[in-house]
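Subject: A structure for you to explore

Hi there,

Here is the structure I promised to pass on. Please open it next to this email, and then read on for what I found in it.

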Amino acid sequence: MPRPTAAQFAYGSATVVVTTLALLLLFRTESGIGVAAVGTTALALGLLVAVRLPRHRGAEGTGRTATADAASRTHHALEGVGARERVAAGRSSAPGDDHSLRR
């Protein structure tokens, strides 16, 4: 079973908190059974939201992350460029900045 993402945790937890507060204020329940029913309903809704949240799949469902795909594209784009040019290009702050290439 895949591990839940941070977004799933965040949305699920926020749903539980907001739903609990809304239901307690809406029904103004003070009995133990009412509070338990509200808590159970909020947990079920939070779980539903967390499970239904779409997972971000990397390149064509391979399980790769967007960061890994970007790193791969950068690596292929820089093939044939010497190490000195790669470091200098990475340090450049402006598009027309030649200062990083001078020694």
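Predicted model: local features only at pLDDT ≥ 70, side-chain atom pairs only at ≥ 80, totals over all residues.

**The chain as a whole**

The chain has four helices and zero strands, and from the N terminus on its elements read α-α-α-α. Of its 103 residues, 15% are buried. The accessible surface comes to about 8300 Å², and carbon and sulfur atoms account for 63% of that. If you take the contacts between residues at least 6 apart in sequence, 50% of them join residues at least 24 apart.

**Helix H1**

H1 has 22 residues, and from its first C-alpha to its last it reaches 31 Å, close to the 32 Å expected at 1.5 Å a residue. Which residues of H1 are buried? They are Gln8, Gly12, Thr15, Val16, Thr19 and Leu23. Seen down the axis of H1, these buried residues fall within an arc of 100°, so they line one face of the helix.

The face of H1 turned away from the buried side carries the exposed residues Ala6, Phe9, Val17, Val18, Leu21 and Leu25. Just after H1, Arg28 takes a positive phi of about 45°.

Why does Gln8 count as buried? Its relative accessibility is 7%, and buried means under 20%. Not counting residues up to four places away in sequence, Gln8 touches Ala50, Val51, Leu53 and Arg55.

Thr15 is also found in H1, and with a relative accessibility of 16% it counts as buried too. Leaving aside neighbours within four places in sequence, Thr15 is in contact with Leu45, Gly46 and Val49.

**Helix H2**

What covers the buried residues of H1 includes helix H2, residues 32-52. In turn, the cover over the buried residues of H2 includes H1. The 21 residues of H2 should span 30 Å at 1.5 Å a residue, and its end C-alpha atoms are 30 Å apart, which agrees.

The buried residues of H2 are Gly34, Val38, Ala42, Gly46 and Ala50. They cover an arc of only 135° around the axis, which puts them on the same side of H2. The face turned away from that buried side carries exposed residues, among them Ile33, Leu43, Leu47 and Arg52.

One more residue of H2 to find is Ala44. Is Ala44 buried or partly exposed? Ala44 is partly exposed, with a relative accessible area of 47%. Ala44 and Gly12 are 32 residues apart in sequence, and their C-alpha atoms are 9.6 Å apart in space.

Enjoy looking around, and do write back with your questions!

Best wishes

How values were computed
Residues numbered from 1 in each chain as written. Heavy atoms only, no water. Helix = DSSP H or I, 4+ residues; strand = E, 2+ residues; numbered from the N terminus. Buried < 20%, exposed > 50% of the residue type's maximum accessible area, 1.4 Å probe, protein only. Contact = heavy atoms within 4.5 Å. Areas by Shrake-Rupley, 256 points an atom, 1.4 Å probe, with all protein chains shown as cover. Expected span 1.5 Å × (residues − 1). Arc of directions from axis to C-beta.
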